[in-house]
Every structure is written in structure tokens, then in C-alpha cells.
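Please look at the chain shown here before reading the notes, which are grouped by topic. They begin with single residues and end with the protein as a whole.

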Amino acid sequence: MKLATFNVNGINGRLPVLLRWLAEASPDVVCLQELKAPQEKFPQAALREAGYGAIWHGQKSWNGVAILARGQVPLETRRGLPGDPDDSHSRYIEAVIDGILIGCLYLPNGNPAPGPKFDHKLRWFARLAAYAAELLALEVPVALVGDYNVMPTELDVYKPERWRDDALFRPEVREAFRALVAQGWTDALRALHPEERIYTFWDYFRNAFGRNAGLRIDHLLLSPALAERLTAADVDRAVRGWEKASDHAPTWIDLADVAPRRRPRARSPVRAATR
């Protein structure tokens, strides 16, 4: 299975980019974030024509998450993160696909920090951690995939000294991510590229993509049962340079049907061609 996450930054405005990438990369499962579309405006027909079934949790103008599966419709198991019955934001959706439980998430940005938005982000992170522990206890293959809005280490951010007070890099958020992973999750991209400076997001301003002034904020966390099957992980960096592209690039992993004896490193043809 090729499993990807992609913050599309407006699914209808970026639909040509998404469809082109789906055709070129042929992922089996895709988790989308920041749809910025109400439930009834999701482009289900266009995605079906491209060969993908979908479930989605829309919201007008903001947020929104979806899971796509090639040749099938994902079996939805949850809509919304548990722990706060008053949370109306469309930030979590979950499905079973080919025996794997996949949670697609869009964690709050949290800026400005400190402040109410940052406090909300930490509370959301705590809810995610509590639910993630419940999923681990099931001892089944699970992937928690999406835009976490956190750079876990200095290796994940261009010029970290400029981000010390940002909600994506403050110590509290980095510690929340560290504690989440410490439950037993594997950060897939970092597991296969432990020392490489890899980014998944480049701002639209100040020629950030051209200067490679990026951030790694899109993550795929795997449960132990699934981490054993990890064979490749990378970012389709070139997609960020396409016309009318999202400020994120698709980030993906390959999973073997059974656990391999060793985990070879692999590069994306799209990304390698840009180096």
C-alpha cells in the first residue's frame, strides 16, 4: 500500500493539481487536509472519475479532512476526535482500508502564542494523545496521518532560531509530539531518513520554495504492527512547484503486505528529479 498525506489548501481551487498528482503518483490511500469546502461542495464525482472513492468531513471556508482510496470507498469508523462534545471543527476522520485503521487529522495551528488559540491547540493535542493510546491498545495496524502543525526537531525547520516563539515550534508543542510518539508510534519519514533535512511545507512568501526555506509539519505515525511493514517514505517535493500548487507537498510511505526483513531507503522519482 502506498499511503499519502496532502494538505491541499482548498480542494476545489487546487483540484487540477490534486488530480494530476493522483494520476502521476498512483497512491492507494490519500489523507487530505484543509479542504476549505462545505460537505456538499466536495468534488466527489471528479475523484470517482479519477478512480478514487472518498469519505470527507467538510466545513465552510476552513478546515476539512478527507480519506481517498483507489478503487474502493473507505469504511468510515469515526468522524471527529473524541474528548470534547462541543468541538464542531472538521479536523478528524477515520476509516478502515484493507485491514488498516487510518486516522486523518488536521491539528490546530495555535498562533498567536501564547493565547487562547495556543491553549486550544494543546488541549486538542492532549485529546489526540489520549485517543492514540486507545488505538495502540487495540494491537492492530494503525496510521495517524496528516498535518500536525508541529516541527518536532530543529532538523525539521529552516532557521529554527526564527521560530522559537511560534505555535508550531514552541517547547510545549514539541514535547506534546514527543510524548505522543513515545507511546509506541513510529515517525515514518524520520525513521527512514534519520539525519536528512526534509520539508513538507514552504510558505508562499519571500520565495520560500525557491530558497528551500521549509518546514516538516506533515507526519505519518505508525503503530508497531504497521511500522514493521514500512519500506519507503518520502516527499513529492516537485508538486509544490506546480502552477497554483498548495503550500504543502504530498508526503507518502510504502507498506509491504508482510513485514520485510530489512527496511531499504527509497527516494521518490518526483523528488529525486528536482535535486
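Asp187 is buried, with a relative accessible area of 11%, where buried means under 20% relative accessible area, exposed means over 50%, and partly exposed lies in between, using a 1.4 Å probe and protein chains only. This is a predicted model, in which local features need pLDDT of at least 70 and side-chain atom pairs count only at pLDDT 80 or more, while totals for chains, interfaces and linings use all residues. Residues are numbered from 1 along each chain as its sequence is written, and side-chain values use heavy atoms, with hydrogens and water left out.

- Asp187 lies in strand E9, residues 186-187, where strands (E, at least two residues) and helices (H or I, at least four) are DSSP runs numbered from the N terminus.
- Leaving aside neighbours within four places in sequence, Asp187 is in contact with Phe177, Arg216, Leu220 and Leu221, contact meaning heavy atoms within 4.5 Å.
- Ala54, found in strand E3 (residues 52-57), also counts as buried, at 9% relative accessibility.
- Not counting residues up to four places away in sequence, Ala54 touches Phe42, Ile67, Leu68, Val73 and Pro74.
- Ala54 and Cys31 are 23 residues apart along the chain, and their C-alpha atoms are separated by 9.8 Å.

**Backbone features in loops**

- Most residues other than glycine have a negative phi, and most peptide bonds are trans.
- The peptide bond from Asn111 to Pro112 is cis, with omega near 0 degrees, and Pro112 is found in the loop between strand E7 (100-106) and helix H3 (116-137).
- The peptide bond from Ala113 to Pro114 is cis as well, with omega near -5 degrees, and Pro114 lies in the loop between E7 and H3.
- Asn63, in the loop between E3 and strand E4 (65-70), has a positive phi of about 55 degrees although it is not a glycine, and Asn63 is buried, with a relative accessible area of 8%.
- Asn212, in the loop between E10 and E11, has a positive phi near 55 degrees, and at 30% relative accessibility Asn212 counts as partly exposed.

**Pockets**

- The largest pocket holds about 640 Å³ of space; on a 1 Å grid over the protein atoms alone, a pocket is an open set of points where a 1.4 Å probe fits, with protein on both sides within 12 Å along at least five of seven lines.
- A volume is the space filled by probe spheres set on the points, which are joined across faces, edges and corners.
- The largest pocket is lined by 26 residues, and Glu34, Tyr106, Asn109, Gly110 and Asn149 lie nearest its centre, lining residues being those with an atom within 4 Å of a point.
- The second largest pocket has a volume of about 250 Å³.
- Of the 14 residues that line the second largest pocket, Tyr158, Trp163, Arg206, Arg211 and Ala213 are the closest to its centre.

**The whole protein**

- The secondary structure of the protein comes to seven helices and 14 strands.
- The radius of gyration of the protein is 17 Å, close to the 19 Å that the globule rule gives for 275 residues, so the protein is as compact as a globular protein of that length; the radius is taken over C-alpha atoms, and the rule is 2.2 Å times the number of residues to the power 0.38.
- Of the 275 residues of the protein, 56% count as buried.
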